[in-house]
Amino acid sequence: MESTVFALSTPVGGAIAIMRISGANARPILEKLFTGRIEHRRAGFGRIADGEGETVDTCTAVFFEAPHSYTGEDMAEISVHGSYAVVRRLAELIGQTGLARPAEPGEFTKRAYLNGKMDLAESEAVMDLIASTAERQRRAAARQLEGRLSAVIGSLYERVKGVLAETAAFVDDDTDEIDFDVNEAINEIISVKGDISSLIESGLKARVLREGVRTAIIGSPNVGKSSLLNALIKRERAIVTEIPGTTRDTVEEAVSIEGLPVVFIDTAGIRETDDAVERMGIERALKERHDADVVLLLIDGSRATLPEDEELIASADARKTLAVITKSDLPAVLAPDAGVSFRGLPAVKVSALTGEGLTELRKRIASMAAPGELEPEVTNVRHIRALEQAKSALEAACTGLSAGTPDTAVFELREAMTGLASITGREDAAEDLVNTIFSSFCIGK
Ligand code: GDP
């Protein structure tokens, strides 16, 4: 039998801390330490008392009887006051009963998976939900936790299984009695492949949800890069200075903008220089410009453009660059044409000092990074890989069928099923396949 485990499920230092215990000994432990009532799904109120009967804390405890709990095992959740001293003493007492050991990371959710409470994709969604910082990340994880992805994958799996059963029956048939329409099978595979491609595509778009929208802030020295970054993140993170060329390395910060996680990368000012260290910073800035999802090209609106500004404008990638005309609180020397574009680039006018234009800038960053609604079905890298594996197996299966080698197709279709099954971890593809193949055989064979 699995051992009983316990762990603190909340950070320490809040008003309340929740200690979770899962396993067959959850109830005996509660009986030993907790003075209140223990009843399925009811909160009991009482005290945690040590061996001498001394009160450690007053608390509530909820008991969940297997299988009606998160893990599917007997579980207890004890809510005590959230101080280090209370939590440490409670953990000590649970350990001293000898009835449980500390849980490993993710062990409660792993047990939930092993006990069939949720599939792999749903367990991963729990982790994503805990880690989500921005609204759209949370929404994507919550949808996955509801089993939306699992349902989509399940239906694709069934469709591949259907084609496989027919193809396998045809391959195994030595009596020529089976009617097998190759074109129909190929069409069905192509259609499943199309659905998988769309899932992969939505997953690739969702990269910005996982890793954040990489937004590089570039421009010549003193245009106001550090000041803008500080204004956007509202914290004094980057060092603001009046000496040109002092932001020598890149500084990264992530914030939530319009529900999207955005990582700002403040780069070294770009200009001609003989200083080796500064040049390294500039090279890095150019690389960041290349890798970024969105580039904010800053141009000082209070002075005429310098040759380095001109070079940056000329070499800008218009698809992902937004010209940001800075220092709008000062008398304007440059102005975005009609307020929305500057030298062929979309543009906004901002002042880090007064905050003018910052709301507009945030909106523009979000819409450049995620045009339209971003409601991806797939967000997890492991799932994207598995889908790619399934897709290429389906391609090979099509080739096999067209080339008149249906036995290759059988092998590849099976690979595709394994790839899909690995996302949810529910079906044992190999065993499931055997059942399907045999059930599609005619009676008496
Ligand atoms: P960086 O070298 O591009 O990072 O530029 P900094 O952010 O260090 O700013 C350079 C100088 O411009 C500093 O003296 C800032 O105080 C000033 N500055 C930056 N943003 C603004 C702004 O919006 N308005 C005004 N008036 N001055 C600004």
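User: How many helices and strands does the chain have?
Analyst: The secondary structure comes to 15 helices and 13 strands. Both are DSSP runs numbered from the N terminus, helices being H or I with at least four residues and strands being E with at least two. This is a predicted model, in which local features need pLDDT of at least 70 and side-chain atom pairs count only at pLDDT 80 or more, while totals for chains, interfaces and linings use all residues. Residues are numbered from 1 along each chain as its sequence is written, and side-chain values use heavy atoms, with hydrogens and water left out.

User: What share of the residues is buried?
Analyst: Buried residues make up 48% of the 445 in the chain. Buried means under 20% relative accessible area, exposed means over 50%, and partly exposed is in between, with a 1.4 Å probe and protein chains only.

User: And what share of the contacts join residues at least 24 apart?
Analyst: Among contacts between residues at least 6 apart in sequence, 66% join residues at least 24 apart. Contact means heavy atoms within 4.5 Å.

User: Ok, sheets. What is the strand order in the open sheet of six strands?
Analyst: The order is β3-β4-β5-β2-β1-β6, and the pairing is mixed. Two strands pair if DSSP finds at least two bridges between them.

User: Which strands stand at the edges?
Analyst: Those are β3 (43-49) and β6 (101-102). Each has a single partner strand, so one side of each is left without a neighbour in the sheet.

User: How does β1 run against β6, parallel or antiparallel?
Analyst: Strand β1, residues 5-8, runs parallel to β6, and two bridges join them. In β6, P102 is the bridge partner of F6.

User: Which helix packs on that sheet?
Analyst: Helix α3, residues 107-114, packs on it and touches β1, β2 (16-22), β5 (75-81) and β6. The direction of α3 makes about 135° with that of β1. Axes here are lines fitted to C-alpha atoms, for helices over the stretch in contact, and angles run from 0 to 180 degrees between N-to-C directions.

User: What about β1 and β2, parallel or antiparallel?
Analyst: β1 and β2 pair in the antiparallel sense over four bridges. L8 stands opposite M19 in β2.

User: Switching to helix pairs. At what angle do α13 and α14 cross?
Analyst: Helix α13 (residues 381-402) and helix α14 (residues 406-424) cross at roughly 165°, and their axes come within 8 Å. They are therefore roughly antiparallel to each other. Angles under 35 degrees count as roughly parallel, over 145 as roughly antiparallel, 65 to 115 as roughly perpendicular and the rest as oblique.

User: Which residues make the contact?
Analyst: Among them are R382, H383, A386 and L387 of α13, and P406, T408, A409 and E412 of α14. The residues of this contact divide into 14 nonpolar, six polar and three charged. Ala, Val, Leu, Ile, Met, Phe, Trp, Tyr, Cys and Pro count as nonpolar, Asp, Glu, Lys and Arg as charged, and the others, Gly among them, as polar.

User: How do α4 and α14 cross?
Analyst: The axes of α4 (residues 120-131) and α14 come within 5 Å and cross at roughly 45°. The two helices are therefore oblique to each other. In α4, L120, A121 and E124 meet S422, I423 and T424 of α14. That contact divides into three nonpolar, two polar and one charged.

User: Which residue has a phi near 70°?
Analyst: N222 does, a positive value in a residue other than glycine. N222 sits in the loop between β7 (213-219) and α9 (225-233). At 35% relative accessibility, N222 counts as partly exposed.

User: And where is K327?
Analyst: K327 is in the loop between β11 (321-326) and β12 (341-342). K327 has a positive phi of about 60° although it is not a glycine. With a relative accessible area of 26%, K327 is partly exposed.

User: Last one. What does P346 touch?
Analyst: Not counting residues up to four places away in sequence, P346 touches T321, L322, A323, V340, S341 and R364. P346 is in strand β13, residues 345-349.
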